[in-house]
Amino acid sequence: MTDIDAFIAGLPKAELHLHIEGSLEPELMFALAERNGVAIPYASVDEVRAAYDFSNLQDFLDIYYAGADVLRTRQDFHDLALAYFDRAAADGVVHAEIFFDPQTHTARGIAFDTVIQGLLDGMAAAEAKHGLTSKLILCFLRHLSEEEAFATLAEAEPWLDRIAGVGLDSSEVGHPPAKFARVFAAAAGKGLKRVAHAGEEGPPEYVHEALDLLHIDRLDHGNRSLEDAALTARLARTGMTLTVCPLSNVKLCNVASMDVHPIDAMLRQGLRATINSDDPAYFGGYVGENYRAAAHARGLSKDDLTMLARNSFLGSFLPDADVAAHLAKLDAYVERSR
Ligand SMILES: Nc1ncnc2[nH]cnc12
Ligand SMILES: [Zn+2]
């Protein structure tokens, strides 16, 4: 382990961009398929991993939605969540704000309540086991209609005190944020925070829409904002958090290789960038691996890494006092590491 790797391992961090369905490891996929008597189109774990070769977001999404079919019971969602939290805790994650895609499950006849109860069970178990705190963000699938998003928000109504915010994910190009302006306004009216994937594959215009029409509190990915200097300056000036996912960007061919990843350029331009894993079971690594890959390829310094971890707490939806407590622990860690 290099000095930088050891520094990253011990660095307290929050993860702000993680799709819980994207943490389904092939081993758990097989175990759940067997437990639930679900047929899957793979003969072995190696065959599953070999299928994870994507040329774009849609290639990945097709496999990701198919994989989620093994998730059937409250216990399954608990097991999925706790497996993620175990990995995250091992990487120094002390707080996680995780996405879930209820429509992927309700469309298959799995009740919204089954999904959320299982995830909440997993979150409680993680706090008891690791002291790792977490929040839930309900994502609307943008390839589905506004009407379906409103129906999902209605299903979430009994659970609103357990949901921190709403997000927007799935196929970006052709499904601009504008399509969801009214449902995001309704979510805001219910006191929910708002985040959206924008500028992952879609143009800078989608980031403008996410800001101006969805009134987002946090920007997921946002890479293509860099193509628009005025937009980049606006994001920097307003202290907007970007949840950047380096391994995802490379796996989905949005960035040609880690050697040219713009994470350091983002920091230099004053953006509040963070590092996250997106769909770690599919993209080759959890948050620690994302930090390590970016650090080695882009020559990130300990100061850069500390800034990324600091940004993860500043960009979280934790109360100010909790953020301050996390930052104090981060500072103490950095001081000890000098
Ligand atoms: N990277 C990503 N972009 C859009 N939708 C997603 N759903 C899961 N991962 C996603
Ligand atoms: Zn994502």
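Two residues are in contact if their C-beta atoms, placed from the backbone, lie within 7 Å. The model is predicted: local features need pLDDT of at least 70, side-chain atom pairs count only at pLDDT 80 or more, and totals for chains, interfaces and linings use all residues. Residues are numbered from 1 along each chain as its sequence is written, while chains are lettered from A and ligands numbered from 1 in the order in which they are written.

**View 1. Glutamate 127 in helix 7 (residues 112-130).** Helices (H or I, at least four residues) and strands (E, at least two) are DSSP runs numbered from the N terminus. Leaving aside neighbours within four places in sequence, glutamate 127 is in contact with Leu132 and Thr133. Its C-alpha atom is separated by 26 Å from that of glutamate 155, 28 residues apart along the chain.

**View 2. Aspartate 279 in the loop between strand 8 (272-275) and helix 14 (280-283).** Aspartate 279 counts as buried because it has 26 C-beta neighbours inside 10 Å; the term requires 20 or more other C-beta atoms within 10 Å of a residue's own, with 12 or fewer for exposed and partly exposed in between. Beyond four places in sequence, aspartate 279 has contacts with His19, Gly22, Tyr64 and Ser248.

**View 3. Leucine 119 and its contacts.** Leaving aside neighbours within four places in sequence, leucine 119 is in contact with Ile20, Phe77, Ala81, Phe100 and Leu136.

**View 4. Residues around ligand 1.** The residues surrounding ligand 1 include His19, Gly22, Tyr64, Ser248 and Asp279, where a residue is near a molecule if its C-beta atom, placed from the backbone, lies within 6 Å of it.
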